[in-house]
Number of protein chains: 2
Amino acid sequence: MKYLVTGGYGFVGSHLVERLVRDGHEVTALDNLSNGQHVNLDAVRRDITSYLSNVEQIQSAFFNTKFDGIFHLATAPRSSSLKDPMRDIETNCKGMIAVLELAKVHGAKVAFTSNSGIYGSVSNNGSINENSINDPTTPYDADKFVSEYYCKIYHNMYGVRSTIVRFATVYGERQVVNEKLNWRPLVATFVKNVVNGEEVVVNGDGEQTRDLIYVADAVHGVLKAMNSDVDNADVFLISTNVETSVNKVLQHVQNIAALKAKVRHSEPLKGDIRKMKYDYSKAKHRLGFEPTHSVYEGIKRLVEYAAKRPLG
Amino acid sequence: MKYLVTGGYGFVGSHLVERLVRDGHEVTALDNLSNGQHVNLDAVRRDITSYLSNVEQIQSAFFNTKFDGIFHLATAPRSSSLKDPMRDIETNCKGMIAVLELAKVHGAKVAFTSNSGIYGSVSNNGSINENSINDPTTPYDADKFVSEYYCKIYHNMYGVRSTIVRFATVYGERQVVNEKLNWRPLVATFVKNVVNGEEVVVNGDGEQTRDLIYVADAVHGVLKAMNSDVDNADVFLISTNVETSVNKVLQHVQNIAALKAKVRHSEPLKGDIRKMKYDYSKAKHRLGFEPTHSVYEGIKRLVEYAAKRPLG
């Protein structure tokens, strides 16, 4: 099959591109390298076609291939959306429309990686599922949410096929810390800090939790979404249904690296999520998705990786 | 008080500006004149300050006045949003962020005119209220919806005060037909066609209904919203709770103008709303809003107005 991956040089994108190449597909990667890294696709660059572009500027005329499917992963980061809400709209809202317009012309199916932060925090101890109440706390959340509506509208109006996944917090090899973009993903930042002997900053008391999904499991989920017969912009949580506190992540990293970190507690982040635990039953039953990596195992891989290549 | 009205030269905007001037306020109007008309504020131009700008480009530095309140009416039209979804995002999403950023700096309260089309159609015979399920059928609907979330986010993050109104279908003097923008508001188009002896095109069977609110009632509603103590981006329907079919509107226009129209039925519009009847109880109880003009009375005023000034 012929696939376009937006954000193909990014963290999740590059893993997906490698997997698609390995499975024998013809792959085109599109990225503006604002957060993606050229080095991420070193292993497969000769097997793919690449375009350097902002996703909101993609047009059918760029490509001499007709795509069967578009994986839409390109995004402006959540962490900088309050600081630069206009950029978030450019990349996340306009980017989604550009992808849907391309899919309309190509007759391609879209797999869109939305956002699970859309739910905000849960106050009870239960899991969140796809029907939980939406409570966007940043422009990023709101823009991902409206992008899901664009998918629905393009399906109803033009028959554009799409499946939407909402990842839990993805971590793994190639996730970088980008201070310039205010992009400090939890696991990568802690691994970087601990391995480099830097001070670790924990926002608030550190008892806030995340549903952490290893990157290979996330890739598995979005492939299941693309290959399913779901085409009406239906939404699926790709998660583990396991809560891990920020403090617990730090403890794992220190244990695995056999290093003791200097820790400072800062003010809690505005709009931060307190509890994150997402039920993936719908994806399991409808897409056949199931995660297979434990948090400990995933962090172990990342610590080993960080010894070979710096994380930021 | 000092007020900014975005879209101040537009149909509803100009009525609002006149009313604010009449009530003794200091008014600044901002408009890009894409659909607004310079002539609309002829009566009060010497009493106000005007800026020609796209709303998404407004910045605090423009103004030497500190606003107490911002009425955010500037919008890209629903009718062209499927044809040009990128422009819709520019004006409607970015425009909202620009207004909220300005409000943050000025400490101003925002009254935002959102969209009631967000609800899509109702299949039963009941009224829609603020808690009805959202079903955006065009990018416009989705972009207005996300703008409401921006208001909530800016309130939670920065304490920006706002009240959101969702107008039913507004009609009245100064509403124009703009073929270039694909802007053909129902009542104005029918009045124009009938008065000029043009063919009247009815989409589908004409039995689709609208909740038609006269412009003075809409202005009354948004003023009530601004003057209320609601500041948390809560949403209010400004409507009449009365359904009028497209065919009935045409009948009123013909009766009032004492003219018989040549009618052609076209295909139903994609994404058109079938039934529209909005309950304004919440606005009545919380804001003290109540409409006072009947559809017949409003159309009569518009027919008389059209005799003096062409509608498009």
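These legends walk through several close-up views of a predicted model.

**View 1. Chain A as a whole.** Let's start with one copy by itself. Chain A is built from eight helices and 13 strands. Its C-alpha atoms occupy a box of roughly 55 × 45 × 35 Å along the principal axes. A compact globule of 312 residues would have a radius of gyration near 20 Å, so the 19 Å of chain A agrees with that. Buried residues account for 53% of the 312 residues in chain A.

**View 2. Where chain A meets chain B.** Here you can look at the place where the two chains touch. On chain A, 22 residues are in contact with 22 residues of chain B. Helix 2 (85-106) and helix 3 (139-158) of chain A each give at least two residues to the side that touches chain B. The largest share, ten residues, comes from helix 3 of chain A. Sorted by class, this side of chain A holds 15 nonpolar, four polar and three charged residues.

**View 3. The axis between the copies.** How are chain A and chain B related? A rotation of 180° with 0.0 Å of shift along its axis places chain A on chain B, with an RMSD of 0.0 Å. That is the relation of a two-fold axis. In chain A, Val146(A) has the C-alpha nearest the axis, 3.0 Å from it. Because 100% of the interface residues of chain A are also interface residues in chain B, the copies meet through the same surface.

**View 4. Ile238 in the largest nonpolar core.** Which residues touch the most other members of this 180-residue core? They are Ile238(A) and Ile238(B). Leaving aside residues up to four places away in sequence, Ile238(B) touches Val165(B), Arg166(B), Phe167(B), Ala168(B), Ile213(B), Ala218(B), Gly221(B), Tyr280(B), Ala283(B) and Phe289(B).

**View 5. Helix 5 of chain B.** Helix 5 of chain B is mostly covered, with ten of its 13 residues buried. The buried residues of this helix include Val215(B), Asp217(B), Val219(B), His220(B), Val222(B), Lys224(B), Ala225(B) and Met226(B). Ala218(B) and Gly221(B) are buried in helix 5 too, and Ile238(B) from the previous view touches both of these residues.

Key:
Residues are numbered from 1 along each chain as its sequence is written. Chains are lettered from A and ligands numbered from 1 in the order in which they are written. This is a predicted model: local features need pLDDT of at least 70, side-chain atom pairs count only at pLDDT 80 or more; totals for chains, interfaces and linings use all residues. Two residues are in contact if their C-beta atoms, placed from the backbone, lie within 7 Å. Helices (H or I, at least four residues) and strands (E, at least two) are DSSP runs, numbered from the N terminus. Ala, Val, Leu, Ile, Met, Phe, Trp, Tyr, Cys and Pro count as nonpolar, Asp, Glu, Lys and Arg as charged, and the others, Gly among them, as polar. Copies are superposed by least squares on the C-alpha atoms of residues with pLDDT of at least 70 in both. A nonpolar core is a set of buried Ala, Val, Leu, Ile, Met, Phe, Trp, Tyr and Cys residues joined through C-beta atoms within 7 Å. A residue is buried if 20 or more other C-beta atoms lie within 10 Å of its own, exposed if 12 or fewer, and partly exposed in between; C-beta atoms are placed from the backbone. The radius of gyration is taken over C-alpha atoms; the globule rule is 2.2 Å times the number of residues to the power 0.38.
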